[in-house]
Amino acid sequence: MEMISFEKAFEVVMNSVFETDTEIISFTDSFGRILAEDISSDTDMPPFHRSAVDGYACRREDLYDDLEVMEVIPAGKVPKKKVEEGQCSKIMTGAIVPVGSDVVFMVEDSEKLVSGKIRFTGKDSKKNYSSKGEDVRKGDVVMRKGKYIKPQDIAVMASVGHTNVIVKKKPLVAVMSTGDELVEPDISPGISKIRNSNAYQLMAQVERAGGKGIYYGISPDLEKETSNLIQRAISENDIVILTGGVSMGDFDFVPSVLKSLGVNILFDRVNVQPGKPTTFGVHRKVVVFGLPGNPVSSFIQFETLVRPFLSRMMSYEWKPGEQLLPMAVRYERKSFDRMGWVPVIITGESEVLPVEFHGSAHLTAMSDTDGIFAIESGIKTIEKGELVSVRQI
Ligand code: AMP
Ligand code: MG
């Protein structure tokens with residue numbers, strides 16, 4: 001099978017998306033989910049002329065007169081009296097502005113006279129209240145479907161009484177590692193073994209992308225075991241992510257196992273560094289990503305291919321945060337026949353510093369990284385000061 005460009009791989013992946021169903025959940029559980037309905041307001045906001053300060057409500061034309069206090073209006077209570085000429089009502093923040101008044105002057109700008117009347121001591125007063133329906137009218141759409149639900153959105157749902165909300169179901173994502181050299185993190189590896197770091201990195205990446213990760217463990221480099229585990233994962237999930245076993249080694253069984261299970265492999269090599277052996281296939285309504293075993297490659301391939309796929313499954317057009325910033329140093333790479341993703345640190349001066357990086361397995365370097373930028377195939381150097389688009393990771 002032919003090696004394809006990253007752009008082509010991205011297109012193939014995105015064209016294989018099928019959407020998840022929707023479900024109804026409590027708005028209190030909806031943080032980080034994708035909204036699957038338009039939400040409109042059941043009320044004007046604010047629902048009444050609402051005072052923004054503690055002060056006195058009166059007629060603007062009476063502002064400089066000594067005013068008789070008619071009543072005190074606390075928040076949450078209905079005013080009993082209309083404000084007429086020469087009168088005012090003491091009002092608290094959040095309370096209903098009484099009929100007849102059109103200004104609320106602040107308590108800080110007032111003086112109580114011996115007679116009990118109130119005098120405005122300021123130069124001029126702002127209106128100091130919000131008008132009914134000024135923010136939102138009853139029936140207005142306050143949130144549209146396809147939105148990622150942030151904490152602020154939960155406040156909006158609360159304010160319009162939308163306590164049950166329709167969201168996209170989280171895609172179910174199987175995560176499994178392959179390799180006889182792997183042991184779980186709580187085990188001391190001993191000679192010839194390393195700890196399985198990829199699977200846990202991927203589980204966290206799945207969670208950050210809005211999916212539900214299910215860990216399937218480590219498969220040994222044996223065809224039968226690998227096949228059984230993948231088959232089970234395919235039958236129970238929407239996405240299956242494997243790491244390792246996709247290179248050209250004698251024990252890299254993943255591609256042949258996928259084929260024997262009836263997975264239609266759409267590509268098995270991408271012209272990108274790191275991440276060349278990335279494999280992608282479809283089995284009915286389940287997709288399989290075979291990511292490289294190297295943790296840095298697997299991380300970057302997830303962010304650049306799997307995350308957009310997973311987002312679109314929930315009809316969410318996720319865009320990675322990108323910043324155009326100048327290079328702090330000149331960057332040169334040895335081979336330039338592939339497109340590259342370059343992990344970088346953003347310095348205190350907002351300049352881009354490529355991370356010292358000893359190959360695709362250099363995990364701790366990745367931990368310090370703020371982002372990655374793309375370098376086209378055929379390009380060998382980027383000069384100091386040249387602008388690059390850094391994508392947050
Ligand atoms: P492979 O793609 O199986 O040839 O693996 C490539 C490299 O990544 C090898 O050095 C593996 O030991 C390493 N590797 C594979 N799987 C993992 C994993 N789950 N965690 C950490 N390193 C891994
Ligand atoms: Mg392996």
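Predicted model: local features only at pLDDT ≥ 70, side-chain atom pairs only at ≥ 80, totals over all residues.
View 1. Ser-315 belongs to the loop that runs between helix α6, residues 295–313, and strand β22, residues 322–326. The backbone of Ser-315 has a phi near 55 degrees, a positive value in a residue other than glycine. Most residues other than glycine have a negative phi.

**View 2. Arg-284, an exposed residue with a positive phi.** Arg-284 is placed in the loop between β20 and β21, the latter spanning residues 286–291. Although Arg-284 is not a glycine, its phi is positive, at about 50 degrees. The relative accessible area of Arg-284 is 75%, and because a value over 50% is classed as exposed, Arg-284 is assigned to that class.

View 3. Met-45 and Pro-46 are joined by a cis peptide bond, for which omega is about -10 degrees. Pro-46 is found in the loop between β2, residues 39–40, and β3, residues 50–51. A cis peptide bond also joins Gln-273 and Pro-274, with omega at about 0 degrees, and Pro-274 is located in the loop between β19, residues 272–273, and β20, residues 279–283.

View 4. An oxygen atom of ligand 1 lies 2.8 Å from a backbone N or O atom of Gly-245, while a nitrogen atom of ligand 1 lies 3.2 Å from a backbone N or O atom of Gly-293. A polar backbone atom of Asn-198 is 3.3 Å from a nitrogen atom of ligand 1. Taken alone, ligand 1 exposes 480 Å², and the protein buries 78% of that area.

**View 5. Ser-30 and its contact with the backbone of Phe-27.** Ser-30 is found in the loop between β1, residues 22–26, and β2. The side chain of Ser-30 reaches the backbone oxygen of Phe-27 at a distance of 2.7 Å. With a relative accessible area of 0%, Ser-30 falls under the 20% limit and is therefore classed as buried.

**View 6. Ser-101 and its contact with the backbone of Pro-98.** The loop between β6, residues 87–91, and β7, residues 103–106, contains Ser-101. From this loop position, the side chain of Ser-101 reaches the backbone oxygen of Pro-98 at 2.8 Å. Ser-101 has a relative accessibility of 11% and counts as buried, because this value is under 20%.

**View 7. Val-141 in strand β11, with Ile-39.** Val-141 is found in strand β11, which comprises residues 141–143. The C-alpha atoms of Val-141 and Ile-39 are separated by 5.6 Å, although the two residues are 102 residues apart along the chain. Val-141 counts as partly exposed, at 38% relative accessibility.

**View 8. Asp-337, with Lys-380.** Asp-337 is found in the loop between β23, residues 331–332, and β24, residues 339–346. The relative accessibility of Asp-337 is 54%, and Asp-337 therefore counts as exposed, the limit for that class being over 50%. Between the C-alpha atoms of Asp-337 and Lys-380, which are 43 residues apart along the chain, the separation is 8.9 Å.

**View 9. Val-270, with Lys-82.** Val-270 has its place in the loop between β18, residues 264–267, and β19. At 0% relative accessibility, Val-270 counts as buried. Val-270 and Lys-82 are 188 residues apart in sequence, and the distance between them in space, taken from C-alpha to C-alpha, is 75 Å.

Conventions: Residues numbered from 1 in each chain as written. Chains lettered and ligands numbered in written order. Heavy atoms only, no water. Polar contact = N/O pair within 3.5 Å; in protein donor to acceptor, adjacent residues only side chain to side chain. Areas by Shrake-Rupley, 256 points an atom, 1.4 Å probe, with all protein chains shown as cover. Helix = DSSP H or I, 4+ residues; strand = E, 2+ residues; numbered from the N terminus. Buried < 20%, exposed > 50% of the residue type's maximum accessible area, 1.4 Å probe, protein only.
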